[in-house]
Amino acid sequence: MSSHREAPEISMDPAADNADVYAFVSPDKPDTVTIITNFVPLQAPAGGPNFFEFGNDVLYSIFINNSGDAHPDIEYQFQFHSSLRNPNTFLYNTGPIDSLKSTNWNKRQFFSITRVQDGKSKLLGSDLKCPPCNIGPRSTPNYETLAAEAVHTLPTGEVVFAGQRNDPFFVDLGAIFDLGDLRPFQHLHLIPTPDGTGVDNTKAVNIHSIVIQIPIKSLTTDGSMPTDVMSAKSVLGIWSSSSRRKVKMIDAANDSKSESGPWTQISRLGNPLFNEVIVPLGKKDVWNGQQPSGDAAYLSNVEHPELAGLLPVLYPNVFPNLAALKTARADLVAILLTGLPSGVVGGFQNYTGKTYADMLRLNVAVPPAKSPNPLGVVGGDLAGYPNGRRVFDDVVTIELRAIAGLTVPLVDKTFKPDAATSAIDQGIAPAASRYLTAFPYVRTPYDGYDTPSS
Amino acid sequence: MSTFSRRSFFKAAGVATGTAMISISPAAAAAIEPGALETTPSGPLPQEPIVAVIRNAELGEVTVLSGRTEKTYTDKLLVKRLLKAASKNHHSGQGVA
């Protein structure tokens with residue numbers, strides 16, 4: 001979760017595993033959109049001596065659709081390469097790394113960024129420095145200084161960072177995957193145990209983030225800065241992916257590897273939990289290789305989600321109205337595949353047209369919330385999920401409540417959600433220190449020396 | 001899908017014509033089957049391997065991956081030669097590169 005190790009094939013390929021994507025109007029720079037896409041999930045901070053990095057043989061992409069057809073209108077491509085100062089040591093660093101230029105840092109990583117639009121590619125930057133992983137007080141004593149050095153402002157106006165961060169996604173993995181348990185309500189479970197407090201399993205694990213802040217005017221179809229929430233021009237469809245070359249050859253005798261063929265997509269991410277929870281196991285790998293514009297193939301999985309059928313079984317007598325609901329879930333189709341059309345939520349829409357596509361849909365005319373609610377739109381905060389996604393949005397609770405029927409009345413006024421639906425909660429309330437209030441918004445990674453603390 | 005000659009196969013793949021190689025890379029060039037017809041390349045060897053994948057032996061369909069491209073052709077003679085080479089691999093036992 002949200003898409004960490006969510007499919008059989010990609011679970012074997014962490015460097016390319018697209019775990020989450022976030023997109024929001026930057027709260028401190030509201031004329032920009034910040035997009036974050038995460039890879040290499042569930043990193044134990046002490047995982048050396050070959051600490052985590054992006055795949056040098058992976059193409060990472062962020063896609064933006066501004067015309068409502070779910071095809072990429074703009075793509076940002078990221079490619080990485082590593083450099084060894086001294087191949088004759090096993091050490092990642094031979095002394096404290098006090099700057100990105102430190103000669104003590106042995107294995108460094110760099111990246112290039114290319115913008116593709118109208119069939120034309122433009123290299124925006126190359127040999128941009130990544131920060132090292134956060135190792136400990138002797139190796140990376142002033143980590144935030146190193147991270148700040150890795151924030152790059154491009155001549156075209158974008159600000160970009162690529163490197164290790166603390167995973168912003170919070171979830172009680174241990175409970176959820178133990179037959180859909182929610183610790184605060186587990187006395188109601190089919191296999192009951194005394195209630196407990198939710199556990200944030202991803203609190204102290206790291207991830208690799210690509211963070212880019214982009215002027216809104218460079219993303220809209222007419223170069224405007226939208227102010228009308230109800231205008232179609234205000235809505236951007238956003239997703240990310242990773243790709244590998246089709247063929248890789250290992251030539252052990254010559255200590256070389258070579259590749260051939262086109263880039264082939266192997267992971268993608270739009271809405272949190274889509275592939276994880278909606279797509280069945282036998283189709284997850286195929287889904288990862290497809291484009292959002294083809295997601296009509298998964299319409300029935302959204303209209304009749306497996307989890308909606310499981311909840312009344314796992315929590316007997318708790319969801320009788322949900323159990324009786326047999327109609328196709330038009331509410332989930334709107335949230336996940338088309339966006340919410342006008343007239344569903346007062347003063348809001350993020351509809352991108354009739355094409356069924358799993359994308360984050362961000363209405364950039366909605367200003368950042370002054371008092372954000374992690375429950376987003378269902379919590380009355382139109383600047384949060386499913387209007388894009390902020391790092392602190394509680395997407396697990398939002399989507400569990402939606403699947404349990406909370407959002408059915410948006411399209412069917414006769415349906416009454418079960419009383420328990422609004423009480424569904426994974427029981428996790430991350431501290432404000434879990435996030436940053438300014439770029440790159442995702443917190444400093446935990447270091448290996450101090451984590452886990454004794 | 002298009003029909004084409006072996007000459008155009010190698011031309012499409014960016015390799016000098018007349019060489020009966022299944023795939024070629026600087027490192028692999030030295031491992032050409034003894035007795036295979038070799039010619040002097042008209043241009044620099046590609047830095048990446050060229051890979052031929054038999055899609056359908058009966059129809060003679062072979063997919064060529066070269067650089068960032070992938071295209072499927074029909075060439076029954078080429079497919080036949082590739083299958084013959086593969087058969088020789090099997091008969092000569094499992095090797096380690």
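Predicted model: local features only at pLDDT ≥ 70, side-chain atom pairs only at ≥ 80, totals over all residues.
Residues are numbered from 1 along each chain as its sequence is written, and chains are lettered from A and ligands numbered from 1 in the order in which they are written.

Let me begin with chain A. Its secondary structure consists of nine helices and twelve strands; helices (H or I, at least four residues) and strands (E, at least two) are DSSP runs, numbered from the N terminus. The radius of gyration of chain A is 22 Å, close to the 22 Å that the globule rule gives for 454 residues, so chain A is as compact as a globular protein of that length. That radius is taken over C-alpha atoms, and the globule rule is 2.2 Å times the number of residues to the power 0.38. Along the principal axes, the C-alpha atoms of chain A fill a box of roughly 70 × 55 × 45 Å.

How much of chain A is buried? Buried residues account for 46% of its 454 residues. A residue is called buried if 20 or more other C-beta atoms lie within 10 Å of its own, exposed if 12 or fewer, and partly exposed in between, with C-beta atoms placed from the backbone. Two residues are in contact if their C-beta atoms, placed in that way, lie within 7 Å. Among contacts in chain A between residues at least 6 apart in sequence, 65% join residues at least 24 apart.

I turn now to the core. A nonpolar core is a set of buried Ala, Val, Leu, Ile, Met, Phe, Trp, Tyr and Cys residues joined through C-beta atoms within 7 Å. The largest one has 100 residues, of which Ala23(A), Val33(A), Ile35(A), Ile238(A) and Leu362(A) touch the most other members. Leaving aside residues up to four places away in sequence, Leu362(A) touches several residues, including Phe24(A), Val235(A), Asn350(A) and Gly388(A). Apart from this core lies another, of eight residues, among them Ile50(B), Val64(B), Leu78(B) and Val79(B).

Next, a sheet. Five strands of chain A form an open sheet in the order S1-S2-S9-S8-S7, with antiparallel pairing; two strands pair if DSSP finds at least two bridges between them. Strand S1 (20-25) and strand S7 (152-153) of chain A stand at the edges, each with a single partner strand, so one side of each has no neighbour in the sheet. Strand S8 (residues 159-166) and strand S9 (residues 206-215) of chain A run antiparallel and are joined by eight bridges. Within S9(A), Ser209(A) is the bridge partner of Gly163(A).

Helix H8 (residues 330-338) of chain A is mostly covered, with seven of its nine residues buried. Among them are Asp331(A), Leu332(A) and Thr338(A). Just after H8(A), Gly339(A) takes a positive phi of about 85°.

Chain B has two helices and four strands, and from the N terminus on its elements run β-α-β-β-β-α. Of its 97 residues, 20% are buried. The contact takes 13 residues from chain A and twelve residues from chain B. On the side of chain A, strand S10 (235-251) and strand S11 (256-269) each supply at least two residues. S11(A) gives the largest share of that side, six residues.

Finally, some backbone details. Most residues other than glycine have a negative phi, and most peptide bonds are trans. Leu42(A), in strand S2 (residues 32-43) of chain A, has a positive phi near 60°. Leu42(A) is partly exposed, with 16 other C-beta atoms within 10 Å. Leu273(A), in the loop between S11 and H3 of chain A, has a positive phi near 75°. Leu273(A) is buried, with 23 other C-beta atoms within 10 Å. A cis peptide bond, with omega about 10°, joins Tyr385(A) and Pro386(A). The peptide bond from Thr451(A) to Pro452(A) is also cis, with omega near -5°.
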